[in-house]
Amino acid sequence: MDERASALDAAHSAATGFLASVGSRPVWPQATAEELRGALGGPLPERGEDAAAVVTALARDADAGLAAIPGGRFFGFVTGGELPAALAADWLVSAWDQNAGPGAAAPAAAAIESIAGEWVCSLLGLPETAGVGFTTGAQTSNFVCLAAAQHALLRRADWDLSRRGLRGAPPLRLVVGADRHGSIDRAARMCGIGRDELVVVDSDAEGRMLPDALATVFAERAGVPTVVCLQAGEVHTGAFDPFAELVPMAGRHGAWVHIDGAFGLWAAASPSLRHLTAGMEGADSWTTDAHKTLNVPYDCAMAIVRDPADAQAMFRPGGDYLVFTGWDPWDATPELSRRARGVPVWAALRSLGAAGVAELVERLCARAERLAAGLRRIPGVTVINEVDYTQVLFRLDSDEQTQGLGAAILADGTAALTGARWRDRAVLRCSVSSWATTEDDVDETLVAIERLMIAQRAKSNP
Ligand SMILES: *Cc1c(COP(=O)(O)O)cnc(C)c1O
């Protein structure tokens, strides 16, 4: 057999073996990176090996260090699973090996990605003429949108950033919420905007920006070029900023509104959840992940800019050897060469259909509500947030108990969820973001949590 075909067969068999194990293997990785280096490392052998043998050894030796993310009980961070069509399409992207930067050289990729971008905009109620850049994650998308915003606002102030750079440019005001995601500060830093320069607006108990506090910012200083960065889906509570009030207010002051909707923007795809995002369609740019709520495998996200010319002004590359059309995928992101990472989005959407996307998001919310209801019934557990989306935040009586339970859950392996601090207390966060999570997965997780709490209590009061 051809070496490529036998290597792909080895990968197929290792992949299906792994996927068959995700329901029964410990959800959190069982080996540390240091331990795995033993089997996978050592000096690079002088002579190479057969491709299929390499792939088989890779799958075997990496196994103990894999998290069961494609299963139904990984609730850590905000982590989507992988829809079958998206997973298989992602394999095809590697087999095709297209360079999706230039549209002329990769017309299949350019067509598929532009359709996927239009489908996403239409599902989310955003303008289908927007520029959609496919990035590695919401972190990069936040950077893309802030960089496009900065370039556009400076141009409106007669400053060409591409030519004159940032030093000496008119000051730009970046307004952010107190409970913004950490990737906003990092995106700002990459745009040359430091932490002390951010104007931070207070939020309510769930992390939603307070409209009166934003009004105060504009009242204090009007007429400054301003970006207002809002959020759909706070990473702990899942809360949405009140866009219907905030977006028009920012618009009246000529501000550029950016919305980080890494996982929350998908509420707009469901008629029963759409009220959460009402008003977000009036913004100038939006970030959303495909590898979270949409369940495309890592890594895939979108940076959506209302006027594609604003993204192109910031990102259009140079090089006399490049081949340009009017708009190329490389005009929308910092990458020049890249994989066609939008193709799995096309496959995910085509496999679900518009109704299927709505059902997916609604199902994630229903599972989160079931988890919250079960947690509320366990004595000693306090559910902290309102749980109107996919996130459940809870704690026990003391920070020590909460952190102890978090460690016990990871060691136990029935489910995985991760800790954080919220309003000065240690908390545990659950994000229900996988299409694979069933009601049984939720119930098994609840049983494990209760069992581990009883064991913890027995240990502290022997
Ligand atoms: C996850 C998340 C990000 C970062 O996304 P990546 O895909 O990890 O880059 C940004 N903002 C919010 C609100 C998020 O939940």
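Student: Which residue stands opposite T382?

Tutor: T382 stands opposite R395 in strand 9. The model is a predicted one, in which local features need pLDDT of at least 70, side-chain atom pairs count only at pLDDT 80 or more, and totals for chains, interfaces and linings use all residues. Residues are numbered from 1 along each chain as its sequence is written, and side-chain values use heavy atoms, with hydrogens and water left out.

Student: What makes strand 8 and strand 9 a pair?

Tutor: Strands are DSSP runs of E with at least two residues, numbered from the N terminus. Two of them pair if DSSP finds at least two bridges between them. Strand 8 (residues 382-383) and strand 9 are joined by two bridges and run antiparallel, so they pair by this definition.

Student: How many bridges join strand 9 to strand 11?

Tutor: Four, and these strands run antiparallel.

Student: Why is strand 9 called largely enclosed?

Tutor: Buried means under 20% relative accessible area (exposed is over 50%, partly exposed in between; 1.4 Å probe, protein chains only). Four of the five residues of strand 9 (residues 391-395) are buried, so the rest of the structure largely encloses this strand.
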